[in-house]
Amino acid sequence: MTTMNVLSVRRFQGFLAVALALAGACHARADTHGLPEANGFQTANITSDAGFLPVSSSLPRPGASDASAAPSTPFTRDLLISALTRALAAHFSLEGDLQLELLRAWTPPARVAAAWDLQVLDYPSVPSTSMMVRCRVLADGATAAEATFIVRAQLWRDAWATRQPLSVGAVFDPALLEPRRVDLFRDRDALPAAVGDHSYIFTRGVTAGRLLTWRDISRRPLVKKGDLVEVSAIDGMLAVTMKALAMENGAQGDTVTVRNPESRRDFAATVIDENRVQVRF
């Protein structure tokens, strides 16, 4: 073999080794990225690991509204009454089971929406058995309808009723009473069953089986008109006590007028306990 042939063979062997090395590297990159290089440009899968999403992702495109992904529904009569009930109960801080009934026919908006909202534009001055409420209905944030609704309302709550006759001055005792479900819009003076303890007394006699009212009870007076009471006068760390004459009855927390027996001067004091009042300067 001539020198020229030896060089040609060696050059060919070197070229073949480089080609095999390049082919191996290309195959390794194809295994790593999923696709081989072509024409000097790498084509790879764009994954969320790199901070991107595939074009075929089912998530909403940037700027798309979340409401568009929610199912669209009509604004039914039940939805209206439910929203109106919540609004009235919150506005008037009502306690109990508020029930509403529409007194006029109402036609719901002729469309569907992913998000419905009810805005009360005008509330009645006080809650009552019959109320007129002006509202705006919003569909996906846009006005769908405005209407004035007339509703019949009931506010159901437990109230106290007597088990037996009770006399004037008797101490309030829940064991002598029983709860009764009433509509407080109809029986406005009914005494709720959440009210009442031994600090109350009956101000008038009541018969058995009668619904109690606020007029039937009052706070038990801890200070009575004409009695001598102990007065504590407090000014910072200084406290002075004296005797005074009560000029009126008073329950705990009431402000009553008392008189200094020596100076004959009247002043106001707060009832804090049995025959005890307090003055703060």
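Predicted model: local features only at pLDDT ≥ 70, side-chain atom pairs only at ≥ 80, totals over all residues.
In the hairpin of S12 and S13, where six residues lie between the strands, Arg264 takes a positive phi near 65°, and I use strand here for a DSSP run of E with at least two residues, and helix for a run of H or I with at least four, both numbered from the N terminus. Residues are numbered from 1 along each chain as its sequence is written, and side-chain values use heavy atoms, with hydrogens and water left out.

S13 in turn runs antiparallel to S14, with three bridges between them, and Val271 has Val277 in S14 as its bridge partner. These two strands also form a hairpin, with two residues between them, and Asn275 in the turn has a positive phi of about 55°.

What do these strands belong to? Five strands close into a barrel in the order S10-S11-S12-S13-S14, with mixed pairing. Neighbouring strands of this sheet are turned by 50° against each other on average, direction ignored, the axes being lines fitted to C-alpha atoms, for helices over the stretch in contact, with angles that run from 0 to 180 degrees between N-to-C directions. At the other end of the strand order, S10 (residues 228-235) and S11 (residues 238-246) pair in the antiparallel sense over eight bridges, and Val229 stands opposite Ala244 in S11.

Let me turn to the chain as a whole. The secondary structure of the protein chain comes to two helices and 14 strands. Of its 281 residues, 27% are buried, meaning under 20% relative accessible area, with exposed meaning over 50% and partly exposed in between, for a 1.4 Å probe and protein chains only. Among the contacts with a separation of 6 or more, 50% come from residues 24 or more positions apart, a contact being heavy atoms within 4.5 Å.

The 16 residues of H2 (residues 77-92) should span 22 Å at 1.5 Å a residue, and the end C-alpha atoms are 23 Å apart, which agrees; the expected span is 1.5 Å times one less than the number of residues. The buried residues of H2, among them Leu80, Ala83 and Phe92, pack against strand S2 (97-102), S4, S5 and S6. Just after H2, Ser93 takes a positive phi of about 50°.

Which residues have the most contacts inside the largest nonpolar core? They are Leu84, Leu88 and Leu100, in a core of 31 residues, a nonpolar core being a set of buried Ala, Val, Leu, Ile, Met, Phe, Trp, Tyr and Cys residues joined through side-chain atoms within 4.5 Å. H2, S2, S4, S5 and S6 are the elements that give two or more residues to this core. Leaving aside neighbours within four places in sequence, Leu100 is in contact with residues including Ile81, Leu84, Leu88, Met131 and Val151. A second, separate core of 12 residues includes Val229, Ala246, Val277 and Val279.

Finally, the charged pairs. The count comes to 14 salt bridges, each a side-chain nitrogen of Lys or Arg within 4 Å of a carboxyl oxygen of Asp or Glu. Arg134 forms a salt bridge with Asp122, the closest N and O atoms being 2.9 Å apart. Arg134 lies in strand S5 (residues 130-139) and Asp122 in strand S4 (residues 116-122), so the pair ties together parts that are 12 residues apart in sequence. Both ends are partly exposed, Arg134 with a relative accessible area of 33% and Asp122 at 39%. Arg136 forms a salt bridge with Glu146, again with the closest N and O atoms 2.9 Å apart, and this pair links Arg136 in S5 to Glu146 in strand S6 (residues 142-162), 10 residues apart. Asp122, Arg134, Arg136 and Glu146 are linked in a network of salt bridges.

Key:
Pairing = 2+ DSSP bridges.
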